[in-house]
Amino acid sequence: MKVLLHDLSEEELKSCAGHLLTDDMVVLTKTDKMPVKCCGCFNCWLKNPGVCAMKDGYENMGELWSKCDEFIIISKCVYGEFSIFVKRLIDRSLPLCYPFFCKREEKMHHELRYNNHPQITVYFYGDDMT
C-alpha cells in the first residue's frame, strides 16, 4: 500500500502529481477542517498504543505508517519546513515507536513498534525554491 500526504488542491494534484496516483493508494488531503496538533499527551504510547487520542479523523496515522510500503509527501516549503497541514500529520507518527529506548549503532533511539520501514519520498514546492 502507498500513502500520499499532500496539501495541494484537487486540480493541482492532478496536474502536478497525477502520475503518482495509483489504485491502492491512501490519499490524505487538506480538507476544510485542519487536523488537531499533537498535544504531547503520550496516550498513543501508554493508554491506546498506536492510536492518537485526538479524534479528528487522523488518529490512525501510526497504523498507516506501519502498513505502507511507500509514503509520499508533497508539501509547500514554508520557512524551510513542511506546511502546517503536513507537519501536523507527520507529528502524529509518534505511535510508530515505543516509549522505551534501545541502543542502535552506539546511539540511543526509541524502540520501533512495527517492523516496517517504508520508502519515504518528499516533494517540496514554493515560490522561492532553488
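Met129 counts as partly exposed because its relative accessibility is 39%, where buried means under 20% relative accessible area, exposed over 50% and partly exposed in between, with a 1.4 Å probe and protein chains only. This is a predicted model, in which local features need pLDDT of at least 70 and side-chain atom pairs count only at pLDDT 80 or more, while totals for chains, interfaces and linings use all residues. Residues are numbered from 1 along each chain as its sequence is written, and side-chain values use heavy atoms, with hydrogens and water left out.

Met129 lies in the segment after β6, and, when residues up to four places away in sequence are not counted, it touches Cys77 and Phe124, contact being heavy atoms within 4.5 Å. Together with Ile120, Val122 and Phe124, Met129 makes a nonpolar surface patch of about 320 Å²; such a patch takes residues with over 30% relative accessible area and no salt bridge, nonpolar side chains (Val, Leu, Ile, Met, Phe, Trp, Tyr) being joined within 5 Å. Val122 belongs to strand β6 and counts as partly exposed because its relative accessibility is 35%. The C-alpha atoms of Met129 and Glu10, which are 119 residues apart along the chain, are separated by 22 Å.

## The parallel sheet

Four strands, in the order β2-β1-β3-β6, form an open sheet with parallel pairing; helices (H or I, at least four residues) and strands (E, at least two) are DSSP runs numbered from the N terminus, and two strands pair if DSSP finds at least two bridges between them. The edge strands, each pairing on one side only, are β2 (25-29) and β6 (119-125). Neighbouring strands of this sheet are turned by 15° against each other on average, direction ignored, with axes fitted as lines to C-alpha atoms, for helices over the stretch in contact, and angles running from 0 to 180 degrees between N-to-C directions.

Strand β1 (residues 2-6) pairs with β2 in the parallel sense over five bridges, and Leu5 stands opposite Leu28 in β2. Helix α3 (residues 84-91) packs on the sheet, where it touches β1, β2 and β3 (70-76), and its direction makes about 135° with that of β1.

## The antiparallel hairpin

Strands β4 (residues 97-104) and β5 (residues 107-112) pair in the antiparallel sense over five bridges, with Leu112 in β5 as the bridge partner of Cys97. Two residues lie between the strands of this hairpin, in which Glu105 takes a positive phi near 50°.

Definitions and conventions: Patch = residues over 30% accessible without salt bridge, like charges linked within 9 Å, V, L, I, M, F, W, Y side chains within 5 Å. Areas by Shrake-Rupley, 256 points an atom, 1.4 Å probe, with all protein chains shown as cover. Salt bridge = Lys/Arg side-chain N within 4 Å of Asp/Glu carboxyl O.
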